[in-house]
Amino acid sequence: MKTRRHDNHISIPVESEDAERKNAILLQYIKEKVNQLLQIMGTKPLRDEELNDESLIAIDPIGIIAESFEQVLEHLKESNRQLQLARDYLQAVFDTAGVGISIIDRDLRIIKCNEKQKELLVAGVSHIEGKHCYEVYCGIDSPPLICPAIETLEMERPVFLKEVTKKGRVFQIVTSPLRDSAGTITGVIEVSLDMTEKKRAEEAMCQAEKLAAVGQLAAGIAHEINNPLGNILGYAKLLLMDQSITEAQGEKLKVIVEQANKGGQIIKGLLEFSRQKVPVFEKVSLNECVENALRSLGKGNSIRVVKRLGDIPYVMADPRQMEQVFHNILLNAIQALEGSGAIEIESKVIGGSIEVSVRDSGPGIPREHLSRIFEPFFTTKPVGNGTGLGLSICSELVKKHGGSIFVESEIGGGTTFSIIIPIGR
Ligand SMILES: Nc1ncnc2c1ncn2[C@@H]1O[C@H](COP(=O)(O)OP(=O)(O)OP(=O)(O)O)[C@@H](O)[C@H]1O
Ligand SMILES: [Mg+2]
């Protein structure tokens, strides 16, 4: 069928009755569909009198619909752009937030988690989404007894945990219900704040305060005890020189001298600890300090000492204080070995510092003791064998040199103490 267009008018030539009938059907179909579309668009449908060929063409409803579609499409495009923008904002906030965020479904499966959460708890695990949160975040294969996500799902309210330890880090956790538009809880949003550094800083501060208080107390007691102890030792030694005492009396006096000396050592330790001597800095070879400390310690023949002392530069340090640090740590290692085993001492440059590590093949330190070994008076040694001051003195001295001291230990796997001293002070 041929059509011609004059302005807005299209004339449809009638060639036969059959063609006329077909035209009528076609026109009716077009009218119906046009009305349907007009209704969808919110425009009034064509009235019957407008449904004749001429007015239909004059009104140009298809043109109106096309225009409306164009507008709707524009609007949709703009809405899409706005949605994409909002999505990008949300994603950026989600990924750059300084807290770990996870969205978890009712079966405790992770729907989504942000970069911080991955960095904190799931290093090296791919395809986290879909896995159970307790497997990925807690490293266990069934839900834990205390789980804020479960509590939130059951109680339908937010839950706050002040301190949770996961994979060696300390977290504050808040879980909140995730609801759909109908208000039904479909899962949980879990936010984890890493408190590890803050907690360490608090502990260090508490430790420093404790040390200062203990130091003062120790100084006072040490002075008070030192004098009577000196008298006991002096008189016992005098008596030992007396020719008239019997052999049995002599043996007893030797025990008095021995015990008084032991007491004297403890007092010396207490005084050293409390005196907080200011270091006298000079150019020092830490390797030499290690050698001197080793020389000052007698060790059993069956203890093997392996030295890997590197080519390290001098540091500005107090040599006597550094020797004391190595002495205390080596003494602990020798005591831990109880006569047999190996000690490896290594020194090397790491960045702008020197690291001296002392590793022994002893029994290791139980996990529950690890956080306490630097506390003054913490000892696991029998009465008379240790005051528990060795490591707290080391820690204080190393700190005064701007350095730090670390321990790594595993039951049955030995212990390594690392002392880090900055080179350029
Ligand atoms: N190398 C080690 N292997 C195993 N345990 C260790 C080691 N070094 C330290 N410890 C543990 O740490 C505790 C504290 O050590 P620290 O040197 O402060 O005190 P001490 O050795 O008990 O007494 P002191 O040093 O005052 O004579 C020890 O009692 C011991 O339990
Ligand atoms: Mg010790």
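Mentor: One definition before we start: two residues are in contact if their C-beta atoms, placed from the backbone, lie within 7 Å. Also keep in mind that this is a predicted model.
Trainee: Okay. With that in hand, which strands does helix α9 lie across?
Mentor: Helix α9, residues 286-296, lies across β9, β11, β12 and β14. Its direction is at about 165° to β11.
Trainee: And what about α10, which strands does that one lie across?
Mentor: β9, β11, β12 and β14. α10 runs at about 20° to β12.
Trainee: Let's do the sheet itself. What's the strand order?
Mentor: It's an open sheet of five strands, β9-β11-β12-β14-β13, with mixed pairing. β9 (303-309) and β13 (404-409) are the edge strands; each has a single partner, so one side of each has no neighbour in the sheet. On average, neighbouring strands are turned by 15° against each other, ignoring direction.
Trainee: How do β13 and β14 pair, parallel or antiparallel?
Mentor: Antiparallel, over six bridges. To pick one residue, I405 has I419 in β14 as its bridge partner.
Trainee: Back to α10. How many residues does it have, and how far does it reach?
Mentor: It has 19 residues and spans 27 Å from first C-alpha to last, close to the 27 Å expected at 1.5 Å a residue. After α10 comes E338, with a positive phi near 45°.
Trainee: At what angle do α10 and α12 pack?
Mentor: About 145°, with the axes 9 Å apart, and the crossing is left-handed.
Trainee: Which residues meet there?
Mentor: From α10, they include Q321, V325, N328 and L331; on the α12 side, G390, L391, C394 and V398 are among them. By class, the contact of α10 with α12 has eight nonpolar residues, five polar and no charged.
Trainee: Now the ligand. Which residues come nearest to ligand 1?
Mentor: Of the 22 residues around ligand 1, those are A336, T379, G386, G390 and L391. G390 and L391 also belong to the α12 side of that helix contact.
Trainee: Which helix gives the most to the shell?
Mentor: α10, with four residues. Both α10 (319-337) and α12 (390-400) supply at least two.
Trainee: What's the shell like by class?
Mentor: It has 13 polar residues, seven nonpolar and two charged.

Methods. Residues numbered from 1 in each chain as written. Chains lettered and ligands numbered in written order. Predicted model: local features only at pLDDT ≥ 70, side-chain atom pairs only at ≥ 80, totals over all residues. Near = placed C-beta within 6 Å. Nonpolar A, V, L, I, M, F, W, Y, C, P; charged D, E, K, R; others polar. Pairing = 2+ DSSP bridges. Axes fitted to C-alpha atoms, helices over the stretch in contact; angles between N-to-C directions. Expected span 1.5 Å × (residues − 1). Left-handed = near helix turned anticlockwise from the far one by under 90°.
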